[in-house]
Amino acid sequence: MGRFASQSPMHSAGGQLCARARFWVSLRVDGELSELEGALLDAHLARCADCAAFAAGATASTAWLRDADLERPAPIRIAVPRQPRRAAAGLVAAAALMAIGLVAGFVHGTGSTAGRSTALRPAVSVVSSMETPDELRRLRRTSLLNQRPVPREYSVEPA
């Protein structure tokens, strides 16, 4: 592992000084290195062969990438089939059926109220499980008791 780590550009052979120098090489290649850091980097590269080789490789590969021609991929063309006219007719038919349904629902909902009870009916829940009629009665009784108003003597008065 020691041999592999020293060959990897991500691991520094000389510790923190080499790691900092390699970071400065990256900044120099991008033109973002200050004069002081440049002077310190040059001093380090003069005495460290590993970092000097790293700097030469980074500079050469960056120059090669920047000088390379940009690839321009061919535009992608996607053929979209035209919608047949039958689809538009289907949409018109669906819209007409919805309109008929809305009108019928409106007429049915606003019909005469003679014969209908005007009192509000309580909501009834349907329980779909294996409860017996007695258990269902107890559930209904509990829900009805929960709808009763709380007596005054038990209500909490605001402070």
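1. A word on burial before anything else: a residue is buried under 20% relative accessible area, exposed over 50%, and partly exposed in between (1.4 Å probe, protein chains only).

2. Some ground rules. This is a predicted model, where local features need pLDDT of at least 70 and side-chain atom pairs count only at pLDDT 80 or more, while totals for chains, interfaces and linings use all residues. Residues are numbered from 1 along each chain as its sequence is written, and side-chain values use heavy atoms, with hydrogens and water left out.

3. Read from the N terminus, the order is α-α-α-α-α-α. Buried residues account for 11% of the 159 residues. Take contacts (heavy atoms within 4.5 Å) between residues at least 6 apart in sequence: 42% of them join residues at least 24 apart.

4. What holds the largest nonpolar core, and which residues touch the most other members? Such a core is a set of buried Ala, Val, Leu, Ile, Met, Phe, Trp, Tyr and Cys residues joined through side-chain atoms within 4.5 Å. The largest one has 13 residues, and those touching the most other members are W24, V25, L33, L41, L45 and C51. Helix 2, helix 3 and helix 4 are the elements that give it two or more residues, and helix 2 gives the most, with 6 residues. For a closer look, pick V25: leaving aside neighbours within four places in sequence, V25 is in contact with L41, F54, A55 and A58.

5. Now the charges. There are 2 salt bridges in the structure, counted when a side-chain nitrogen of Lys or Arg is within 4 Å of a carboxyl oxygen of Asp or Glu. One of them joins the side chains of D42 and R28 (2.9 Å, N to O). Because D42 sits in helix 3 (residues 35-47) and R28 in helix 2 (residues 16-29), this pair ties together parts that are 14 residues apart in sequence. D42 is partly exposed at 40% relative accessible area, and R28 is partly exposed too, at 35%.

6. R66 and D30 also meet through their side chains in a salt bridge (3.4 Å, N to O). This pair links distant parts of the chain, with R66 in helix 4 (residues 49-67) and D30 in the loop between helix 2 and helix 3, 36 residues apart. R66 counts as exposed at 55% relative accessibility.

7. On aromatic rings: R22 lies over the face of F54, 5.0 Å from the ring centre. The test for a charge over a ring is NZ of Lys or CZ of Arg within 6 Å of the ring centre and within 35 degrees of the ring normal.

8. T62 belongs to helix 4 and is buried, at 17% relative accessibility; its side chain reaches the backbone oxygen of A58 at 2.7 Å. R20, in helix 2, is partly exposed at 41% relative accessibility. R20 and H44 are 24 residues apart in sequence and 9.9 Å apart in space, C-alpha to C-alpha.

Conventions. Helices (H or I, at least four residues) and strands (E, at least two) are DSSP runs, numbered from the N terminus. A polar contact is a pair of N or O atoms within 3.5 Å; within protein, one must be able to donate a hydrogen and the other to accept it, and residues adjacent in sequence count only if both atoms are side-chain atoms.
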